[in-house]
Amino acid sequence: MNGLNTILIVLGLFLAGGVYSFQKQQMPKSVVVLLAIGSAMCLAAGVLRIQGIWE
């Protein structure tokens with residue numbers, strides 16, 4: 001596991017926390033959806049890089 005994997009996973013978890021926080025604050029649904037998509041993409045990229053599927 002190298003630095004980029006770690007950064008992607010930490011960023012994905014940070015964005016996931018933002019999704020939860022924004023949802024509780026009744027932020028516009030489009031912002032929440034954008035954060036959720038970004039979080040999922042970061043987490044997926046980090047996991048794929050750990051597995052060696054995507055370099």
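Me: Helices are DSSP runs of H or I with at least four residues, strands are E runs of at least two, and both are numbered from the N terminus. With that settled, how many helices and strands does the protein have?
Reply: The protein has 2 helices and 0 strands. Keep in mind that this is a predicted model, where local features need pLDDT of at least 70, side-chain atom pairs count only at pLDDT 80 or more, and totals for chains, interfaces and linings use all residues. Residues are numbered from 1 along each chain as its sequence is written, and side-chain values use heavy atoms, with hydrogens and water left out.

Me: Thanks! What box do the C-alpha atoms fill?
Reply: Along the principal axes, the C-alpha atoms take up a box of roughly 40 × 15 × 10 Å.

Me: And what percentage of the residues count as buried?
Reply: Of the 55 residues, 24% are buried. Buried means under 20% relative accessible area, exposed means over 50%, and partly exposed is in between, using a 1.4 Å probe and protein chains only.

Me: Which residues form the largest nonpolar core?
Reply: That core has 5 residues: L15, V19, V32, L35 and C42. A core here is a set of buried Ala, Val, Leu, Ile, Met, Phe, Trp, Tyr and Cys residues joined through side-chain atoms within 4.5 Å.

Me: Let's stay with V32. What is V32 in contact with, leaving aside neighbours within four places in sequence?
Reply: V32 is in contact with V19, F22, Q23 and M27. Contact means heavy atoms within 4.5 Å.

Me: Where does Q26 lie, then?
Reply: Q26 belongs to the loop between α1 and α2. Its phi is near 60°, a positive value in a residue other than glycine. At 68% relative accessibility, Q26 counts as exposed.

Me: Changing topic: which residues make the nonpolar surface patch of about 300 Å²?
Reply: V33, I37 and M41 make that patch. Patch residues have over 30% relative accessible area and no salt bridge; like charges are joined within 9 Å and nonpolar side chains (Val, Leu, Ile, Met, Phe, Trp, Tyr) within 5 Å. A salt bridge is a side-chain nitrogen of Lys or Arg within 4 Å of a carboxyl oxygen of Asp or Glu.

Me: How exposed are I37 and M41?
Reply: I37 is partly exposed, at 47% relative accessible area, while M41 counts as exposed at 57% relative accessibility. I37 is placed in helix α2, and M41 lies in helix α2 (residues 29–51) as well.

Me: Last one: where does UniProt place the "transmembrane region"?
Reply: The unreviewed UniProt entry places that feature at residues 31–50. Those positions follow the numbering used here, feature names are shortened, and annotations may be inferred rather than shown by experiment. Over residues 31–50 the model is 100% helix and 0% strand, with the end C-alpha atoms 29 Å apart.

Methods
Accessible areas come from the Shrake-Rupley method with a 1.4 Å probe; for residues, only the protein chains shown count as cover.
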